[in-house]
Structure formats: C-alpha cells, structure tokens
Amino acid sequence: MNADAGQGRDPGLQPERTRLAWRRTTLASTVAAVLATKTALHGSVSPVGIIACALCCALWLGFLLVAHRRISTLASSDSPLALAPRHATAAALCTVALAACGVALVF
C-alpha cells in the first residue's frame, strides 16, 4: 500500500456523504409515511386506520428528529462526533416500526 495514498484523502467528504445519506433516508421515510397515511385513510375510515395513521406519523416524526440532529451535527464541524448508540437505536427502531406499520396497513 502506498504511504502517500492517505495524505490525499479529504476528511470533509465522509461527513458530507453521511449527511446526504441521512437526507435520502429521511425522504424515503417521508414517502413511506405519506403512503401509509393514504392507505389508512383510503375508503372507509376506521378507528384502527386512524390509530395506524397516528402511529406512522409519530414514528416518522421520531425518525425526523434523530435525522435532523445528526445532519446538524455533521454540518456543524469538520470532525463530527460519532452517532450515539441510543440515537442509532432510535433511528433503527423508528425505521423498522414504520415499515411494519406500512406492511400491516397493506394486509
């Protein structure tokens, strides 16, 4: 391995790519929440549909909060701190739960 290869690396690129990945994931989560809400409220509105819709919105807001904090952290400094395990867990749980709500609404 070339010793000079590490010197040409721009340390600002990784946080930028990570920030963009958080933005893409937030957009995908928004689309999933909107589609789940549309499915829940399509046709006859039932109490179960309203509860599922509210749950999807709450999960989306939770993920949005975690993502916004991470994007702000990445933009605030050249060498941002690592993602806290509790924030990573919260983001993963919101994502999985939102997907589960979407699947439950489809079936």
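This is a short tour of a predicted model, one selection at a time.

**Helix α3.** Select residues 85–106, which form helix α3.

**The buried side of α3.** Now select H87, A91, C94, L98, C101 and L105, the buried residues of this helix. They lie on the same side of α3, because they cover an arc of only 100 degrees around its axis. An α-helix has 3.6 residues a turn, so residues three or four places apart point the same way.

**One residue up close.** Select L98 and show what surrounds it. Leaving aside residues up to four places away in sequence, L98 touches S29, A32, A33, C56 and L59.

**The core.** The largest nonpolar core has 18 residues. Select W22, C56, L59, F63, A91, L98 and L105, the ones with the most contacts inside it. Helices α1, α2 and α3 each give two or more residues to this core. The largest share, nine residues, comes from α2. In soluble globular proteins, nonpolar side chains tend to be buried together.

**The cysteines.** How many disulfides does the structure hold? It holds zero. Select C57 and C53: the sulfur of C53 is the nearest cysteine sulfur to C57, at 4.4 Å, and C57 is in no disulfide. C57 counts as partly exposed, because its relative accessibility is 32%. Last, select C94, which is buried with a relative accessible area of 14%.

Notes
Residues are numbered from 1 along each chain as its sequence is written. This is a predicted model: local features need pLDDT of at least 70, side-chain atom pairs count only at pLDDT 80 or more; totals for chains, interfaces and linings use all residues. Side-chain values use heavy atoms; hydrogens and water are left out. A disulfide is a pair of cysteine sulfur atoms within 2.5 Å. Buried means under 20% relative accessible area, exposed over 50%, partly exposed in between (1.4 Å probe, protein chains only). Helices (H or I, at least four residues) and strands (E, at least two) are DSSP runs, numbered from the N terminus. The expected span of a helix is 1.5 Å times one less than its number of residues. The arc is that of the directions from the helix axis to the C-beta atoms. A nonpolar core is a set of buried Ala, Val, Leu, Ile, Met, Phe, Trp, Tyr and Cys residues joined through side-chain atoms within 4.5 Å. Contact means heavy atoms within 4.5 Å.
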